Amino acid sequence: MGQIDAEILKMSLPECKSPRKQSADPQHLHSTVVQLNVGGHLYTTTLGTLRKFPNSKLADMFNGPPKLRKDAEGRYFIDRDGKHFGSILEYLRTEEIPTKHLQEVHREAVYYDVKPLAKLLEETPLLFGETVGRQQFLSRVRNYHENLEVIIRVARAEAMASRYSTIIMCILRTEDDLARYNDAIDSLDTKKESVVNFGPWKASATVEDLLDCIKMDIEAKGYKVSLKPHNADKGFLFKSHDFFYKLTFTWW
């Protein structure tokens with residue numbers, strides 16, 4: 001067992017109340033230097049910094065018998081993308097909130113269960129708008145995330161020897177739109193089964209808001225897409241409702 005391993009283990013053992021021997025100096029143990037390899041990113045910190053929040057997953061990794069493997073250089077290895085781990089460490093050292101890559105840092109704070117940092121990040125305008133505004137809206141759009149997966153799966157299936165894949169979406173904002181759906185779909189110049197339907201929903205967000213969300217979430221997965229209204233050649237009575245939109249994937 002290495003020196004750091006022994007000291008980590010020592011910190012988890014109960015104090016030995018002996019009149020002849022003092023227990024280990026907690027300050028010394030907390031200042032023990034720890035070398036980390038987080039998915040190939042190298043960091044140096046102290047045991048006390050890693051254990052700043054005792055109930056966190058990160059603290060638990062270094063509490064008691066060592067739970068982590070070591071790399072060839074003897075560094076503790078965490079098998080996770082470590083690009084933003086430095087921001088977690090900086091918060092543990094200074095309690096200063098990061099100002100860049102907030103969504104990515106928040107994801108890491110949640111993973112390592114550093115609750116104070118996760119909560120502070122959720123109060124920033126960017127994450128507040130995402131969690132309280134956008135995600136609350138999308139939770140009211142039935143099967144939103146499932147529909148995105150359908151769109152991507154169908155688009156990939158149609159990509160064979162083609163530069164573009166086109167998916168037709170039907171956006172039904174209100175119950176009145178839903179009531180007109182059957183007549184509108186009959187006017188469409190494509191198979192009913194191939195149309196991906198969204199809505200209706202009970203929220204103030206508009207059709208344009210939902211379209212922005214669809215485009216944003218698909219592009220966040222690495223795809224290049226464009227959106228425009230799809231007007232059928234017949235059924236002109238329903239064109240004004242703008243139910244149908246063409247989502248085009250560009251592959252090359």
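The model is a predicted one. Its largest nonpolar core has 27 residues, and helix 5 gives the most to this core, with five residues. A second, separate core of 26 residues is also present, and a search of the whole structure finds eleven aromatic pairs.

**Nonpolar cores**

- Within the largest nonpolar core, the residues with the most contacts inside it are Leu36, Leu58, Phe62 and Phe85, and the elements that give two or more residues to this core are strand 1, helix 3, helix 4, strand 4 (76-78), helix 5, helix 6 and helix 7.
- Leaving out residues up to four places away in sequence, Leu36 touches His41, Leu42, Tyr43, Thr45, Leu50, Phe62, Arg75, Tyr76 and Phe85.
- The second, separate core includes Ile151, Phe198, Trp201 and Val207.

- An α-helix has 3.6 residues a turn, so residues three or four places apart point the same way.
- Apart from its neighbours within four places in sequence, Thr49 is in contact with Leu89, Leu92 and Arg93.
- Glu95, which follows helix 5, has a positive phi, near 60 degrees.

**Aromatic pairs and charges over rings**

- The rings of Phe53 and Tyr91 have their centres 6.2 Å apart and their planes at 15 degrees, and the pair is therefore stacked, given that planes under 30 degrees apart count as such.
- Because Phe53 lies in the loop between helix 3 (47-50) and helix 4 (57-61), while Tyr91 lies in helix 5 (residues 85-94), this pair ties together parts that are 38 residues apart in sequence; both Phe53 and Tyr91 are buried.
- Phe243 and Phe244 form an edge-to-face pair, with 6.4 Å centre to centre and 80 degrees between the planes.
- Phe243 is buried, with a relative accessible area of 2%, and Phe244 is also buried, with a relative accessible area of 8%.
- Tyr43, Phe85, Tyr111 and Tyr112 are linked into a cluster by ring pairs.
- The charged end of Lys57 sits over the ring of Tyr111, 3.7 Å from its centre, and the charged end of Arg80 sits over the ring of Tyr111 as well, 3.7 Å from its centre.

**Helix 8**

- Helix 8 (residues 125-138) has 14 residues and reaches 18 Å from its first C-alpha to its last, which is close to the 20 Å expected at 1.5 Å a residue.
- The buried residues of helix 8 are Leu127, Glu130, Arg134, Phe137 and Leu138, and the elements they pack against are helix 6 (102-111), helix 7 (115-122), helix 9 (144-157) and helix 12 (207-219).

Note on methods: Residues numbered from 1 in each chain as written. Predicted model: local features only at pLDDT ≥ 70, side-chain atom pairs only at ≥ 80, totals over all residues. Heavy atoms only, no water. Helix = DSSP H or I, 4+ residues; strand = E, 2+ residues; numbered from the N terminus. Expected span 1.5 Å × (residues − 1). Buried < 20%, exposed > 50% of the residue type's maximum accessible area, 1.4 Å probe, protein only. Contact = heavy atoms within 4.5 Å. Phe/Tyr/Trp six-rings, centres within 6.5 Å; stacked < 30°, edge-to-face > 60°. Lys NZ or Arg CZ within 6 Å of the ring centre and 35° of its normal. Core = buried A, V, L, I, M, F, W, Y, C linked by side-chain atoms within 4.5 Å.
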